[in-house]
Amino acid sequence: MTGAPLFAFYALVGAYLVLVCGIGLWHYRRASTEEGFLAAGRSLGPILGGATLMANQVSAGATIGIVGFHYFSGFSYAWSWPLVWIGWVVAALFIAPRIRRIAGLTLPDYLEARFESKAARAIAAVVVLAVYAMMLSAQYQAGGLLFGAISGMPYVTAVLLVAGITTLYTVLGGMYSNAYVGLFKAVLLVGSYAVAVPYLLSHVGGVHAIGEALTALDPRLTANWFGWRQLLAISLAMGLGLGAAPYEISAIYAMQSKRTARLAIGWSFLFQAFVGIGVLTFGLSMRVAMPQLPTPDLGTPVLGMSVLPPWIGLPVLLAAVVTFTRTGGAILLTVASAVSHDLYGALIKPDATDRSKVLVSRLSVIAFSAIPVALAFRQFALVNFVVIWAAKLMVSFLFIPVIVGLNWKRATRAGAVASMLGGTAACLLWSRYGTPYWFGLDPAEAGVLVSAALMVAVSVATRPASAAVLETFFGDRA
Amino acid sequence: VRRFARVAGVAGACAATAIGAAAQGGGNGPAGAPRSFARVTITPHADGAVEVRQRYVMPDDTGRLTFRVLSRPCAIVTGAAIVAGDRGAALVAAPQGPWTQLDDTSTARLRTDSLGFELRYLVTLTALDADVPIVHLVRPISRETGGAKPVTVIVNTLSVPDASVTFPSFRRQGKAAWVGEFVALPSFVHVAMPDSRVMRCMRPLEPNSDGGLSWRVVLFVGIMVAWVPLYLLWARGGGGGDTA
């Protein structure tokens, strides 16, 4: 991209930066308490909450990575959207209403309250830091590719720029900033995709013409490149993992009520539907319109800068920029809460003031952003593969302690710790040594199964939780 | 605030050091001019004939030359041949659904070094609002993912001054040319000719199987469209208590 379109792209990104910094500064004072910074004062309504949930989920893994997935593997990955939604329904039924029974701020808050264990809190905080470094590196990698492709900027510089933007607005605004930028992201994604999809389809010749072209290249592109087992495994990891993901739990804590949380999940479905249909169309159309890209992850950048006319392409590119900076912000915020709230405030200095915890939050955002930047420089795999791998680790670690802990009275502290450590170890070992996968099980499935087995076996063999904990979480179940 | 700024400054310096160290170990170099490139010149005429010339230079490429072209309605590609130095060879066509594969079956190897080669063919448009198919190699011209754009496509509209290129994204250069720069060759460009509204393309391509994509897309979109209101109805009606 050169000349006026490149200038317009920079102007749009600059305007976006001004907007997010403005939102951040506007809320800076409101975000001066820990509840304000990490949970937006529990003020989010259903639409803003839905936008926040969607904006956390729809990362660069979607707007850049899934477009790349559709580009190289065709249609079948689209089924992961409705399958992932099953995970959200599980969250709406079994997680969101119950986790709001304590006025927590983070997922480790819940783990400590439910299992009366500071060890569970500490383990969760450390694993969250490790997995989210990986997840954040995918956002920076996507950003680096996009800025590099558009402007000719070196990849390393582009990654640093993206990291800088993300860190800046997270430091300024915390969850308030994240929520309002999430709404902006939702509007931008829906608006730009609603225009780009019909335009692209009309020029490429429609769905049938795309199908003819792709089938002739490889019949798997229009049928099942990914088999049902693979799709189920990926979707299980993504969907169930999202329902129990620390940044989504933090967003649920930021909502006004349990009912708001359920409605917000519905609104997030609406936003996700636009994104799902959009990225599918983009990936398949690009494979027909420009079949030999150097890497599939360039699908969205090339679509925005070289295929669509600037008045459609620039909003699509800006939506991608907003996507990876906003999801990066949510991840950084979760990291900040893990450090300041779960490690510093709860374990290192329990008498810390609200003010000092917010300061530690902001400092940890700045310090932590260096690790994923270093990972992003290496470009380990396609963006969406990095996201999927992080999701598999997270679901193996957290899903069972969250869902079983909230819905089974007999779950105990020892069971939870064994479940977290065993699930993570099983996922890692299965990935390392189980190729092709033993018994046809994906590492995420193995991790969840081992985690569940350990939770049940160890809980049954150990002393039940105290009456006070059971009253808090199961008070309505006599 | 001063204390915050001081500590943040230290943390930022540490972060920058770590980033710098990591950058030493990995990352791409600055984007320079592409070593491999293709330059495509498309010259449409008022009678619907379109000449296409593609110059390829790929110094690092040693693979066999295989091309592919996507059929578009009301556009016929003929006479595809490659020329390198004093050697010329027609390409052998093999249809694959809406694509046609074009192979250089001659035994003499073409040079893809800094001298490069040229691919020439003619497209005949039977309507004035048709797409012009672009023949492309079945592998990327360059593996670079930075800002370098190894493909330049020039549509020379001297013979049809009012023509414009509407897909993909081109920019006008002077009065008689449209230029597009890409990381890979597009499979077609749409040149809007004068009077194209009068001579619209009415002849569809021979139908081929879409591999079930249409019904899959309908089912997928249907699930998405139905799911949202159903879920919201449930959440509104049975959303449980309203306490935090």
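1. Chain B and chain A bury about 6500 Å² between them, with 70% of it on carbon and sulfur atoms. Buried area is the accessible area (1.4 Å probe) that the two parts lose on being put together, summed over both. This is a predicted model: local features need pLDDT of at least 70, side-chain atom pairs count only at pLDDT 80 or more, and totals for chains, interfaces and linings use all residues. Residues are numbered from 1 along each chain as its sequence is written, chains are lettered from A in the order in which they are written, and side-chain values use heavy atoms, with hydrogens and water left out.

2. The contact (heavy atoms within 4.5 Å) takes 78 residues from chain B and 82 residues from chain A. Zero salt bridges are found across this interface, taking a side-chain nitrogen of Lys or Arg within 4 Å of a carboxyl oxygen of Asp or Glu.

3. Which element of chain B gives the most to the side that touches chain A? Helix 2 of chain B does, with 17 residues. Helices (H or I, at least four residues) are DSSP runs, numbered from the N terminus. The side of chain B that touches chain A divides into 40 nonpolar, 24 polar and 14 charged residues.

4. The largest cavity has a volume of about 310 Å³. Of the 25 residues that line this cavity, the closest to its centre are Gln57(A), Ser59(A), Met238(A), Leu242(A) and Val387(A). On a 1 Å grid over the protein atoms alone, a cavity is a set of points where a 1.4 Å probe fits but cannot get out; lining residues have an atom within 4 Å of a point. Grid points are joined across faces, edges and corners, and a volume is the space filled by probe spheres set on the points.

How values were computed:
1 Å grid on protein atoms, 1.4 Å probe; cavity = no way out; pocket = protein on both sides within 12 Å on 5 of 7 lines; lining within 4 Å. Helix = DSSP H or I, 4+ residues; strand = E, 2+ residues; numbered from the N terminus. Nonpolar A, V, L, I, M, F, W, Y, C, P; charged D, E, K, R; others polar.
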